[in-house]
Amino acid sequence: MLSADSHPGPQGATPEERSSEPAALSTAAPNLAPAEVQALVARLYAIDGSVKALASERDQNCAVESADGTRYVFKISNPSEPVSLVDFQIAALEHIARTSPSQPVPRIVRTLDGRTRDTVALADGGRTTVRMLTYLEGVQIRETPRTAAQRVAMGQGLAELNLALQGFTHPAATHDLLWNVSAAHRLTAQLDSLVEGPRRTLAQSFMTRFSDHVLPRLASLRAQVIHNDYHLYNVLVAPNDQARITGIIDFGDMLYAPLVGEVATAAAFHMTGNTDPFEGPAQFVAAYQAVLPLTEPEQDVVADLMATRHLITALISEWRALRYPENRAYIMRHNPAAWEALSQMADLSRHEARDRLLTSTRNGISS
C-alpha cells in the first residue's frame with residue numbers, strides 16, 4: 001500500500017538530504033502496481049482512468065487515460081532523486097509555457113489542491129515525489145524512417161527549444177549528472193570495468209581526447225539550461241507528416257551546461273542509417289545553426305563532444321545493465337550504436353571529424 005502524504009510540506013521547502021543523480025542510477029526505479037497508481041491518481045487529481053506502464057530508466061512512468069479519452073503521464077520519481085530536481089523540471093516546463101507557448105512540450109497538471117507535485121509514502125516506509133503531465137500525441141521518431149527533412153526539423157526544433165530556455169535559472173540547475181558530456185572525465189574509473197581488449201582501448205583513447213583537448217576549453221563556452229536528451233525516443237512527430245514535430249518529452253536529464261554539449265548530444269543519435277555516418281549529424285547541426293549559430297570555439301569541439309556522448313553511453317549502459325539485468329533491453333538500447341560510432345570515428349583526427357560534421361554549414365547549406 002502507499003498513500004498521499006498528509007503533510008508534504010511547502011513546495012519551496014528544502015528537501016531532506018538525498019544523494020544526487022548517480023545514486024538514482026544506482027537505485028531501482030519504483031514499481032507500483034497499476035491499481036495503486038490508479039488509486040493515487042483518483043485521490044490526487046480526481047481522475048478515474050486506466051493505467052499503462054511506460055518505459056523509463058530511473059523513474060516509474062505511467063500513461064493514464066480517463067473515461068473521456070484524455071490522456072496524461074503520471075510520473076513517480078526514483079526515491080533517491082532530490083525533490084529540488086523535480087521542482088527544477090517543473091519550473092522549466094512552466095517557464096517554456098509562459099515564454100514560448102508554441103513549444104510542443106508537456107504542461108503541468110496540478111493536483112486538486114493546486115500543487116504541481118505531491119509526496120507519497122511507500123510500503124517500505126520511504127517517500128517519493130509524484131506529478132502529472134499532459135500527454136503529447138505523436139509517434140516516436142525511432143519508429144519512423146529517417147529523412148533529411150526530419151533531421152532538419154529536429155535541428156531547428158532543438159535550437160528553438162534552447163532559445164526558449166535562455167535566461168531560465170533554478171537553484172538545482174547545476175546538479176550532478178552522469179549524462180553530462182562536459183563532465184565525462186568523472187567516468188574514467190568505469191574504463192576499468194570493461195573487459196581488456198579493443199573496446200577498452202577504444203574507450204580509453206576517446207577519454208584521453210576529451211580530457212586533453214576538450215575539457216580545458218569548456219569553461220569559456222556559452223552555458224545555459226539544456227534538455228540534454230533530445231533523441232529519437234524523446235521527440236514525437238505527426239503520423240501523417242513525419243517531419244513535423246508534435247512533442248518533446250523527458251526533461252529528466254536537463255541541467256545547466258555548455259550549450260554545445262546539447263548540440264553534440266543530439267547530433268550523436270543521427271550517425272546511424274546512412275552509408276556516411278556524418279551525413280545525418282551534419283544535416284542536423286546545419287539546421288540547428290540556421291536558427292542558433294555556434295561560435296567558432298564551439299564548432300571546434302562539437303564533434304569531439306559528439307564522440308564523448310557515445311563514450312558515456314557505452315560506459316554507463318554497460319554498468320547499468322550488469323546492475324539491473326531485468327531492465328537490460330531498455331538500458332542497452334543505445335549501446336550497440338555507441339560502440340559502432342566510436343569505431344567509425346576512431347581513425348579520424350579531431351579536425352577531420354569537425355570538418356566532416358560541419359560540412360553542410362561550411363558549404364552554406366542549412367536545410
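By class, how many nonpolar, polar and charged residues has the lining of the second largest pocket?

Modeller: The model is a predicted one. In the lining of the second largest pocket, 14 residues are nonpolar, six are polar and five are charged. That lining consists of 25 residues, and those nearest the centre of the pocket are Ala29, Pro30, Asn31, Ser56 and Asp59. The volume of this pocket is about 340 Å³. Three elements each supply at least two residues of its lining: helix H2 (34-45), S2 and S3. Of the lining of the second largest pocket, S2 gives the largest share, with four residues.

Strands S2 (49-54) and S3 (60-66) also each supply at least two residues to the lining of the largest pocket. The largest pocket holds about 1100 Å³ of space. It is lined by 50 residues, with Leu54, Ala55, Gln140, Asn234 and Ile249 closest to its centre. The class counts for this lining are 21 nonpolar, 13 polar and 16 charged residues.

In soluble globular proteins, nonpolar side chains tend to be buried together. Here the largest nonpolar core has 81 residues, and Tyr230, Phe284, Tyr288, Val302, Leu305, Met306 and Met345 have the most contacts inside it. Helix H8 (residues 296-323) contributes the most to this core, 11 residues. Apart from this core lies another, of 17 residues, with Leu32, Val41, Val120 and Leu122 among them. Leaving aside residues up to four places away in sequence, Leu305 is in contact with Val181, Phe210, Val214, Leu218, Val260, Gly261 and Ala264.

Helix H4 (residues 148-165) has 18 residues, and its span from first C-alpha to last is 26 Å, close to the 26 Å expected at 1.5 Å a residue. H4 is mostly covered, with 13 of its 18 residues buried. Gly167, which follows H4, has a positive phi, near 90°.

Conventions:
Residues are numbered from 1 along each chain as its sequence is written. This is a predicted model: local features need pLDDT of at least 70, side-chain atom pairs count only at pLDDT 80 or more; totals for chains, interfaces and linings use all residues. Side-chain values use heavy atoms; hydrogens and water are left out. A nonpolar core is a set of buried Ala, Val, Leu, Ile, Met, Phe, Trp, Tyr and Cys residues joined through side-chain atoms within 4.5 Å. Buried means under 20% relative accessible area, exposed over 50%, partly exposed in between (1.4 Å probe, protein chains only). Contact means heavy atoms within 4.5 Å. On a 1 Å grid over the protein atoms alone, a cavity is a set of points where a 1.4 Å probe fits but cannot get out, and a pocket is an open set with protein on both sides within 12 Å along at least five of seven lines; lining residues have an atom within 4 Å of a point. Grid points are joined across faces, edges and corners, and a volume is the space filled by probe spheres set on the points. Ala, Val, Leu, Ile, Met, Phe, Trp, Tyr, Cys and Pro count as nonpolar, Asp, Glu, Lys and Arg as charged, and the others, Gly among them, as polar. The expected span of a helix is 1.5 Å times one less than its number of residues.
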